Amino acid sequence: MTSGRSSRAPDDPSAKEWNAAAYHVVSEPQFAWGLRVLERLSLDGDEHVLDAGCGSGRLTKELASRVPDGLIVGCDLSENMTRAAAQTLGTSAAPVVCADLTALPFRGAFDAVFSTATFHWIHDHDRLFAELRGALRGRGRLEAQSGGGPNLAAVHARADALASLPAFRPHFATWREPWHFPTAEDTDACLRRAGFANARCWLERAPTTFADAERYRAFIEAVVMRPYLARISDPELRAKFLERLVGDAAGDDPPFTLDYWRLNISATTM
């Protein structure tokens, strides 16, 4: 199996689409982390804010409640996620658009950009931050968190080893890692190249343990192992891949724990 952190198979559907219903149910870790990031974003209540990578809209709804006199726009590349977000938000004043964060349809439209658990699915961070900078106006702010540094290195190494076995290898002949986990230092430099005048970036260790095999299985199937599983067309073989990972995790100390690392970003345009 080949891998490369700098590229992605362009025709890989797993890079774009999600099972939004499953994600909405299992994404408690991302929701909890996102709430803490939201606490860092001081708001007066009348701002225009872009939720960059809104997912199923759980955090977008929290964000909208804090800006009663402003405007919240949710944005996600996944059509499934944007539909789910629209349903989550209901009749609230928070429109949702399906758009690529590296080719945003906005210029000088927002006072702030909020984002969690999204940036690591984008390889070109120079272009990403340039687009976000272009979408901001005045003293624009960016508050974000994504995977960084050694994020999920252990579970990814385990999955890579499994994918290299003869039974699975043909499904990964053109595999390219769809994630990018930069360091805090690299992200700081990238933000400044994009035109952010002030930036603070830091890594935070966030190991996440699940109560039992069932909860661990549901989570990695919908989130962490989604790109791997999407490569395996045979349902029976896909189930075997997933069960091997769950079985291996049972022997960890503590069992059913994912080695998450969060990259925090706070930046302003001036």
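The entries below go from the sheet to its helices, then to one strand residue and the aromatic rings.

**Ground rules.** I am working with a predicted model, where local features need pLDDT of at least 70, side-chain atom pairs count only at pLDDT 80 or more, and totals for chains, interfaces and linings use all residues. I number residues from 1 along each chain as its sequence is written, and side-chain values use heavy atoms, with hydrogens and water left out.

**The sheet.** I began with the strand order. I found an open sheet of seven strands, β3-β2-β1-β4-β5-β9-β6, with mixed pairing. The edge strands are β3 (96-98) and β6 (198-205), each of which pairs on one side only. From one strand to the next, the twist averages 15 degrees. For my own record, helices (H or I, at least four residues) and strands (E, at least two) are DSSP runs numbered from the N terminus. Two strands pair if DSSP finds at least two bridges between them. As a reminder to myself, strands of a sheet pair through backbone hydrogen bonds, either parallel or antiparallel.

Strand β1 (residues 48-52) runs parallel to β2, with five bridges joining them, and L50 stands opposite V73 in β2. The strands β1 and β2 form a right-handed β-α-β unit with helix α3 (residues 58-65). Right-handed here means that, with the strands pointing away from the viewer, the path from the first strand over the helix to the second runs clockwise. I also noted that β2 and β3 pair in the parallel sense over three bridges, with C98 in β3 as the bridge partner of D76. Is β2 covered or open? It is mostly covered, as five of its six residues are buried; buried means under 20% relative accessible area, exposed over 50% and partly exposed in between, with a 1.4 Å probe and protein chains only.

**β4 and its neighbours.** I then moved to β4. Three bridges join β1 to β4, and the two run parallel. L50 turns up again here, standing opposite V113 in β4. On the β5 side, six bridges join β4 (residues 110-116) to β5 (residues 136-147), again in parallel. I picked out V113 opposite L142 in β5 and F110 opposite L136 in β5. The chain crosses from β4 through α5 to β5, and this β-α-β crossover is right-handed. Six of the seven residues of β4 are buried, so the strand is largely enclosed by the rest of the structure.

Which strands does α7 touch? Helix α7 (residues 184-193) packs on the sheet against β5, β6 and β9 (261-268), and its direction makes about 155 degrees with that of β6. Axes are lines fitted to C-alpha atoms, for helices over the stretch in contact, and angles run from 0 to 180 degrees between N-to-C directions. Contact means heavy atoms within 4.5 Å.

**I265.** Leaving aside neighbours within four places in sequence, I265 has contacts including R40, F119, L142, T187 and L191. The C-alpha atoms of I265 and T187 are separated by 8.3 Å, although the two are 78 residues apart along the chain.

**Rings.** I counted rings of Phe, Tyr and Trp (its six-membered ring) as paired if their centres lie within 6.5 Å, with planes under 30 degrees apart stacked, over 60 edge-to-face and the rest tilted. By this rule the count comes to 19 aromatic pairs. The rings of W18 and W121 have centres 5.5 Å apart and planes at 90 degrees, so I logged this pair as edge-to-face. W18 lies in the segment before α1 (20-26) and W121 in the loop between β4 and α5 (125-135), 103 residues apart. Both are buried.

W175 and Y228 form a stacked pair, 4.5 Å centre to centre with 25 degrees between the planes. W175 sits in the loop between α6 (153-163) and α7, and Y228 in helix α9 (residues 226-230), 53 residues apart. I noted W175 and Y228 as buried too. Ring pairs link a cluster whose members include W18, W121, W175 and Y228.

**Charges over rings.** R58 lies over the face of F31, at 4.1 Å from the ring centre. The rule I used asks for NZ of Lys or CZ of Arg within 6 Å of the ring centre and within 35 degrees of the ring normal.
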